[in-house]
Amino acid sequence: MQKGIRLNDGHVTYLGLLAKKDGTRRGCLSKRSSDNTKWHTKWFALLQNMLFYFESESSSRPSGLYLLEGCVCDRSPSPKPSLSAKECLEKQYYFTISFNHENQKALELRTEDVKDCDEWVAAITHASYRNLATEHETLMQKYLHLLQIVETEKTVAKQLRQQIEDGEIEIERLKSEISGLLKDNEKIQSNPTAAPSDDDSEIKKIKKVQSFLRGWMCRRKWKTIIQDYIRSPHAESMRKRNQVVFSMLEAEAEYVQQLHILVNNFLRPLRMAASSKKPPITHDDVSSIFLNSETIMFLHQIFYQGLKARIASWPTLVLADLFDILLPMLNIYQEFVRNHQYSLQILAHCKQNRDFDKLLKQYEAKPDCEERTLETFLTYPMFQIPRYILTLHELLAHTPHEHVERNSLEYAKSKLEELSRIMHDEVSETENIRKNLAIERMIVEGCEILLDTSQTFVRQGSLIQVPMSEKGKITRGRLGSLSLKKEGERQCFLFSKHLIICTRGSGGKLHLTKNGVVSLIDCILIEDPEGTDDEYKSGQDMEHLDFKIVVEPKDSPSFTVILVASSRQEKSAWTSDISQCIDNIRCNGLMMNAFEENSKVTVPQMIKSDASLYCDDVDIRFSKMMNSCKVLQIRYASVERLLERLTDLRFLSIDFLNTFLHSYRVFTTADVVLDKLITIYKKPISAIPARSLELFFASSQNSKLLYGEPPKSPRASRKFSSPPPLAITKTSSPNRRRKLSLNIPIITGGKALDLAALSCSSNGYASMYSSMSPFSKTTLDINKLYVSSPISSKIPDEGEGKSDKAEESSLCKQDVSVREESDNDQIQSDDADAEASPTKSPTTPKNVKCKNSSGFPTDQRNGDKEFVIRRAATNRVLNVLRHWVSKHSQDFERNTELKMKVISFLEEVMHDPELLTQERKAAANIIRTLTQEDPGDNQITLEEIVQMAEGGKAEPFENHSALEIAEQLTLLDHLVFKVIPYEEFFGQGWMKNDKNEKTPYIMKTTKHFNDISNLIATEILRCDDVNTRVAVMEKWVAVADICRCLHNYNAVLEITSSLNRSSVFRLKKTWLKVSKQTKTVIDKLQKLVSSEGRFKNLREALKNCDPPCVPYLGMYLTDLAFIEEGTPNYTEDNLVNFSKMRMISHIIREIRQFQQTAYKIDHQPKAAQYLLDNSSVMDEESLYEASLRIEPKVPN
């Protein structure tokens, strides 16, 4: 330990001033004089291990200095006051500093505050480095002990070498004696007349020597064997195996501790709270939240004790019997995982109680929890089984095949993998529930429909809602004025069954608007609201960015919602998803009505009867998780089975369609997909399996249809025309006429569609509302409905209002007599009830009894069902094509042959005489989308900005404000980010050797990130003056903070990464002058974009922010690389890994959501030119040289 140092006055003065400025502890203390008679008040400052004292706080030179290294600081009792003492010792506290130097007196100090006294004692104790000295002494003792051991081993080794040398000399002597004896023996044998000498002592010596040699050689051989084994691969494998077991013990101890905190800090206190007089939670809710976590804790405590016992018997490690104990208890984890989503839902519901929420926050604030929430502890058991599988995998990798535990460990691994698959399916379903619960918590008023587990999140974003006038109309001229105002901005969340419209308050919370919860089953989507020419001219600046949703609920007046998107691309995405959700609901309703009529077969029963939807086969494997249609999701499947699911008319999952269209290029081609759609359109019967068709038709007369014979009904094939359209009298439904199409409500307001009326009209017109009276049901005279007519009505190409009127007038030439009967038997299916959503889902369709049903031919009834199937097939084909064309237009832009093939097919569809008006209009819209050029969103492109920036000299950094730079940087980042095609996210092309050819846009984004980072570092290191450098750094930090407010997290990472570069980070003199406020902002920004926990904080910010936004692309590329490396595209059976495609699709959908919403930032050429000017930007080597020139390295 250092006994003294040499200082001059300059050193002491400088250190004193540094202690006054940056000392760890500063303040006034009373110091006892050397004669122990008086106390003098001094101003003390502590710097590292030096304690300075000044006459006063304003003194510039220290009065003294104490070196605290090795000292001892303790509290001391107050001295007894003398009779003449005037001071009151009750409010004074003393402490003493004892030094270990010779002849140095202890320093006695006092203060007037006990807290101040304790803090001084703690600070001085820390500065004394006493703990380091103690550890140094301990290490020195161990070092001396090891030296003694080494010397002893050397001595022993020397003695052994001496013994070996003596043994070798003795061996040589004995060898010579043996050779002499052998010669004597030969002489004796050659001379038989000579009497043998019987010398027993010599023979004993020889035997003794032989025994010694045998023992010595055996020991030497055994030593060689042991040394060879220690260096062998088997021994190395056993050492690694033991290390795996030791790591497993540590992980198990940590897991048991987590379960112990869950039970003791949450479960048991909440049970006591539930038994109080005013319980904040019920016992049932406690049981529902924690499930069998206490039992899991007891099980793992037993398992942990067994592991410890095995470690105690090391190096013999036998673990198989421990897993034999664990395997029978697997049902505990199955129960926990099966109810985990319900547990989180109950917890979210209980948190709405303020008393419970306050109590829970108290529990979570305990030190044992380490700022972890209850939800975190409840998810720990979900990861334990995969951890065991990885451990067993490592154990088996280091366990020989002939090992006694090999079979037992493999059996345990197989059982745990089976459980892991079940848990994976259960956990995947909870992700959607967590998303719904997160949105529900953000809504101040709450939203009960989000607690429905069948609600699947589709998309979210910002739209402008146009307020309706008193007459329910609004001109397009009003749209342009509202687009620039915040008053109409709404946060919209689309789910599979509902659309939620909210406003965002100042605190970030959401508030439901009036009629903010829209049930999609009651909606009609109008993508292009019609208006007059004058209105169009006044709203021409909107460029058809608005769309309309007409809502007609069963128990309240109808209303209209008009929403405006920020770009045509965003509008297309919203309308496509909304239309897809509506079509999905109504297509299911259509098939449900058709199946329930006469045969009384509901869709759920039909699905249950089809084993191919839930039973694994050689060409398909299912997961345990269900999609939004309550059908098992596909894990692996062949291409044929995936195409079959795409065109199955009984259901269409939104998630499946999005995943398929995102990833089909990996396993098939666009021509194959299109051919399948054309086949389904031309042969719709093939889209339903044979077993379902048997239930559907329920007649032996039509069994020939199922086995490929030509159909007898004129409606069974599209090459025959359907019966002419029939008119509906105005007395049945004068004003509320609907059409069966992509935009019609098959089930409205919970009432069933009158299928008898629907099936007889080829144009889909029926008096639906007259049959939906709550007190009566309309039945149709079937004999009058089926009237043949030689006149075929022509349906106009465009479904405008005028054509509808003309069509109605032509249809009115025929009459349908409608009679009303009392609704005596209203039958409702229990299966459909079970399928219905708990919140505002449609009721089961009711059976319609016709007056002359006994005389209605079976083949005609089946023909009507065939008509329904053809309508559903047409809807499915047009729905998939529309989604494909609107969201994946690049497929058709790059493949002209595919584009012409689709147009040719749609033109053929439009010439179908059976086609409904809305279907014809939908086909025409798809053709128009394919043929017309996309005008874009009128936002300036990156190429235009680069072209404008070329040829001029950029203005310096100081000429631009932080706001200008932040806005233009955000604009540039988003323009670079938005043009990345999603095809580049497949296959890890950005990590290949030919990455510039495979993923040019991703590489362009990476280059832009590095260029901006180099520009920032260059701007900092260009300044020779330290104050100028500090100003530049603080200005860039302000830019980063503004970018955070603009949701440009990519720019935040660009700036923080440049500040953390070695050439900038090493500038200690510069960083010392940066203000504390700026450093606080830097810490906050770095914490936001930190990669810790897989960018946990950044993901949370992205989840809570509203577009427009620029995320950090590297975060998504890391996720995609993890998915690609962990799972192949095909299984060993050559099945497509569709689970992998689904995970990749979810990431791509999140990326595309941020790509579609553009920033409303005006281009400022000067600031953009500065950001794009790379002429004076230095490379990494030049940056470091500039850094060394500004602040050279200090020699040691």
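Accessible areas here come from the Shrake-Rupley method with a 1.4 Å probe. On that basis, the accessible surface of the protein comes to about 61,900 Å². Carbon and sulfur atoms account for 52% of this surface. The model is predicted.

The protein has 1196 residues, of which 49% are buried. Its secondary structure comprises 45 helices and 19 strands. Contacts across the sequence were also counted. Among those with a separation of 6 or more, 72% join residues 24 or more positions apart.

The average pLDDT is 75, and 75% of the residues score at least 70. Residues 470–477 have a pLDDT below 50. Beyond near neighbours in sequence, this stretch makes 16 contacts in the model. Residues 698–862 also have a pLDDT below 50. For this stretch, the model contains 290 contacts beyond near neighbours in sequence.

Strand β9 spans residues 489–495. Six of its seven residues are buried, so β9 is largely enclosed by the rest of the structure. Two strands pair with β9: β8 and β10. Strand β8 covers residues 457–466 and runs antiparallel to β9, with seven bridges between them. In this pairing, F457 is bridged to F495 of β9. Strand β10 covers residues 498–504. The pairing of β9 with β10 is antiparallel too, over four bridges. Here L494 has L499 of β10 as its bridge partner. Strands β9 and β10 form a hairpin, with two residues between them.

R459 is a residue of strand β8. Its relative accessibility is 8%, so R459 counts as buried, the cut-off being under 20%. The R459 side chain makes a polar contact with the side chain of D577, at 3.2 Å.

S237 belongs to helix α5, which spans residues 233–274. At 17% relative accessibility, S237 falls under the 20% cut-off and therefore counts as buried. S237 and P400 are separated by 163 residues in sequence. In space, their C-alpha atoms are 8.8 Å apart.

For E371, phi is about 65 degrees. E371 lies in the loop between α11 (354–364) and α12 (374–379). Its relative accessibility is 78%, so E371 counts as exposed, the cut-off being over 50%. For N1134, phi is also about 65 degrees. N1134 sits in the loop between helix α42 (1113–1126) and strand β19 (1136–1137). At 55% relative accessibility, N1134 likewise counts as exposed.

How values were computed. Residues numbered from 1 in each chain as written. Predicted model: local features only at pLDDT ≥ 70, side-chain atom pairs only at ≥ 80, totals over all residues. Heavy atoms only, no water. Buried < 20%, exposed > 50% of the residue type's maximum accessible area, 1.4 Å probe, protein only. Pairing = 2+ DSSP bridges. Contact = heavy atoms within 4.5 Å. Polar contact = N/O pair within 3.5 Å; in protein donor to acceptor, adjacent residues only side chain to side chain. pLDDT = per-residue confidence, 0-100.
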